[in-house]
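Morning, everyone. I have one structure to walk through today. Let me put it on the screen.

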Amino acid sequence: MTGTRTVRVPGPDHPITVTAWPGRVRVRADGRVIADSRKAVVLKEADYPPVFYLPRADVAMGALARTSHTSWCPYKGEAAYFSIPAAGARGENAVWSYEDPLPAMASICGRVAFYPDRVDAIETDDAAGQDGLSRSDGPA
């Protein structure tokens, strides 16, 4: 249906949780740290791999370039995308953000997430290895 978007609320059939990550999260791209946060949250959605969402204040937003690409999630809303120009083709649309998420996902507003295969590393300390997370897990 053109012009309409399905909206769904997380529930037992499609659970989504967002919790504070107790440690530090660093993202490296093009050989340098572009995000470093002790205020990350981890989103766990159904059977998808967990994803870190970091506050924009902890991300070198000047190293990112907004793109025209968007996507729609019926649980989270419309995602805006950013590239990491210094990372070349690998960095295209490597970062996404729900700038005006659906009400059930308000806790990820003002945060960004990174595709792990489009950055050098997503590193954790303090809580590394908890909850089955690793730097190779993918987006949700």
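From the N terminus on, the elements run β-β-β-β-β-β-β-β-β-β. That makes 0 helices and 10 strands. Both are DSSP runs, numbered from the N terminus: helices are H or I with at least four residues, strands are E with at least two.

Now the ground rules. This is a predicted model, so local features need pLDDT of at least 70 and side-chain atom pairs count only at pLDDT 80 or more, while totals for chains, interfaces and linings use all residues. Residues are numbered from 1 along each chain as its sequence is written, and side-chain values use heavy atoms, with hydrogens and water left out.

Some totals. The protein has 140 residues, and 45% of them count as buried. Buried means under 20% relative accessible area, exposed means over 50%, and partly exposed is in between, with a 1.4 Å probe and protein chains only. Take contacts next, meaning heavy atoms within 4.5 Å. Among those between residues at least 6 apart in sequence, 55% join residues at least 24 apart.

On to the sheet. Which order do the strands take in the open sheet of 7 strands? The order is 1-4-5-9-8-7-6, with antiparallel pairing. Pairing requires at least two DSSP bridges between two strands. Strand 1 (16-20) and strand 6 (65-73) are the edges, each pairing on one side only. Neighbouring strands are turned by 30 degrees against each other on average, direction ignored. The angles are between axes fitted to C-alpha atoms, for helices over the stretch in contact, and run from 0 to 180 degrees between N-to-C directions.

Zoom in on strand 5. 5 of its 5 residues are buried. Val 51, Tyr 53 and Pro 55 point one way; Phe 52 and Leu 54 point the other way. In a regular strand, side chains alternate between the two faces of the sheet. On one side, 3 bridges join strand 5 to strand 4 (residues 41-45), antiparallel. Val 42 has Phe 52 as its bridge partner. These two strands form a hairpin with 5 residues between them, and Ala 46 in the turn has a positive phi of about 45 degrees. Strand 9 is also antiparallel to strand 5, joined by 2 bridges. There, Pro 55 has Arg 111 as bridge partner, and Leu 54 stands opposite Val 112.

What about the cores? A nonpolar core is a set of buried Ala, Val, Leu, Ile, Met, Phe, Trp, Tyr and Cys residues joined through side-chain atoms within 4.5 Å. The largest has 21 residues; Val 27, Ile 34, Phe 52, Leu 54, Ile 84, Val 95 and Phe 114 touch the most other members. Strand 2 gives the largest share, 3 residues. Apart from this core lies another, of 15 residues, among them Ile 16, Tyr 53, Trp 96 and Tyr 115.

Last, the cysteines. How many disulfides does the rule count? The count is 0, where a disulfide is a pair of cysteine sulfur atoms within 2.5 Å. Cys 73 counts as buried because its relative accessibility is 10%. Cys 109 is at 42%, so it counts as partly exposed.
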